[in-house]
Amino acid sequence: MVQASKALDRVLVLEMVRVTEAAAIAASTLVGRGDEKAADHVAVEAMRAAFNELDFDGTVVIGEGERDEAPMLYIGEKVGKASPGSPKIDIALDPLEGTTLTAKAFPNALAVLAIAEEGGLLNAPDVYMDKLAIGPGYEAGLVSLDKSPSENVKALAAAKGVKPDEIMACVLDRPRHEKMIAELRATGCGIVLIPDGDVAGVIAVTNPDTTIDIYMGSGGAPEGVLAAAALKCVGGQFQGRLLFRNDDEKSRAAKWGVTDLDRIYNLDDLVPGDAIFAATGVTDGSLLEGVKRLKGGCMTTESVVMRASSGTVRWVKGEHGKGKC
């Protein structure tokens, strides 16, 4: 059982929803407009402004990149009012998870964040991560990044009491995954290919309604920490291994204290203690409905907020703006 954090007790769970709502509402103004950078920019600014209304001493540990490369919500940036005695909070965030999805009005764009007390989130460098996730209810170590994709599908199928051709995997649609996709299909496994948004893809394994049993493949390491925070709250298994394309990325990892370049990280490595995860839909998706703009200046949002220590999951419908929804 995850011990409750006293620092997080002082940060109201619903305040985190207000932060993701602000980012999602801002980004929604640019859905389908074809401008990824502009959509990301307005989401970042809205999220920062919402954070700075809160009484905590927050540090971004997973953000928009390193300071010289990302002037907005960069790794190490301080947010919050930080009055004397304010709790020290580490933050992982993606103000717009799915910039391309937003620009093209595709499903599953989200505004997401996770918070933990200071030191409670892995400071993952901005590199790729090989990821593997399944939902709750299975024996620990059932699947592993040390196994092949087909071995993991067969192990999961046996544990579920079905044949491999009844397993559905979620994979980012990228050329780098062509070999893995071919191997999975050779087992008879079905594949849901997603264009972007692997945080939603990982979380999908916890929801039977999505029909997704397993997530695998490589994507951003920061998104891996965010997804791990969600799984820590609702149950499931996650493994991640950092992938390095060149010496520069290895040097970047060393800067953030990563010394074992081949290490496999599990949930407790990425999120060792209590955590809160929040997400608000920007566009409609498998997890959440997107922002809806109605008559009279009214908007509706759908969010989810979770806490690891209590295992509580809250689904929040919001109504915003003037007029009646």
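**Entry 1: strand pairing**

I began with strand 5 (residues 128–134), which pairs with strand 9 in the antiparallel sense over 7 bridges. The model I am reading is a predicted one.

I then followed strand 9 to another neighbour. Strand 10 (residues 264–266) also pairs with strand 9 in the antiparallel sense, over 3 bridges. Here glycine 240 stands opposite tyrosine 265 of strand 10.

Is strand 9 mostly buried or exposed? I noted that strand 9 covers residues 237–243 and that 6 of its 7 residues are buried, so the strand is largely enclosed by the rest of the structure.

**Entry 2: nonpolar cores**

I looked up the largest nonpolar core and wrote down 50 residues. The residues with the most contacts inside this core are Tyr215, Phe238, Leu242, Leu270 and Phe277. Helix 8 (residues 221–234) gives the largest share of the core, 9 residues. Another core, of 40 residues, lies apart from this one, and I listed Met16, Ile25, Ile89 and Ile276 among its members.

I also checked what tyrosine 215 touches, leaving out residues up to four places away in sequence. Its contacts include Lys131, Leu132 and Ala133, then Cys170 and Leu172, and also Ile194, Asp198 and Val205.

**Entry 3: salt bridges**

I recorded 15 salt bridges in the structure. I went through three of them.

Arginine 48 has a relative accessible area of 17%, so it counts as buried, the cut-off being under 20%. Glutamate 45 has 33% and is partly exposed. I noted as well that Glu45, Arg48 and Glu77 are linked in a network of salt bridges.

Next I took aspartate 57 and lysine 78, whose side chains meet in a salt bridge of 2.9 Å, N to O. This pair links distant parts of the chain: aspartate 57 is in strand 1 (residues 57–62) and lysine 78 is in strand 2 (residues 78–79), 21 residues apart. Aspartate 57 is buried, at 15% relative accessible area.

Then I turned to lysine 317 and glutamate 289, where the closest N and O atoms of the salt bridge are 3.2 Å apart. Which parts of the chain does this pair link? Lysine 317 belongs to strand 14 (residues 312–320), while glutamate 289 is in the loop between strand 11 (276–281) and strand 12 (292–293), and the two are 28 residues apart. I wrote down lysine 317 as exposed, with 57% relative accessibility. Glutamate 289 is partly exposed, at 38%.

**Entry 4: positive phi angles**

Most residues other than glycine have a negative phi. I looked for residues that depart from this.

Alanine 82 is not a glycine, yet its phi is positive, near 50°. I found alanine 82 in the loop between strand 2 and strand 3 (88–97). Its relative accessible area is 39%, which makes it partly exposed.

Threonine 211 also has a positive phi, of about 65°, although it is not a glycine. I placed threonine 211 in the loop between helix 7 (198–203) and strand 8 (214–220). With a relative accessible area of 49%, threonine 211 is partly exposed, since the exposed class begins over 50%.

Key: Residues are numbered from 1 along each chain as its sequence is written. This is a predicted model: local features need pLDDT of at least 70, side-chain atom pairs count only at pLDDT 80 or more; totals for chains, interfaces and linings use all residues. Side-chain values use heavy atoms; hydrogens and water are left out. A nonpolar core is a set of buried Ala, Val, Leu, Ile, Met, Phe, Trp, Tyr and Cys residues joined through side-chain atoms within 4.5 Å. Buried means under 20% relative accessible area, exposed over 50%, partly exposed in between (1.4 Å probe, protein chains only). Helices (H or I, at least four residues) and strands (E, at least two) are DSSP runs, numbered from the N terminus. Contact means heavy atoms within 4.5 Å. A salt bridge is a side-chain nitrogen of Lys or Arg within 4 Å of a carboxyl oxygen of Asp or Glu. Two strands pair if DSSP finds at least two bridges between them.
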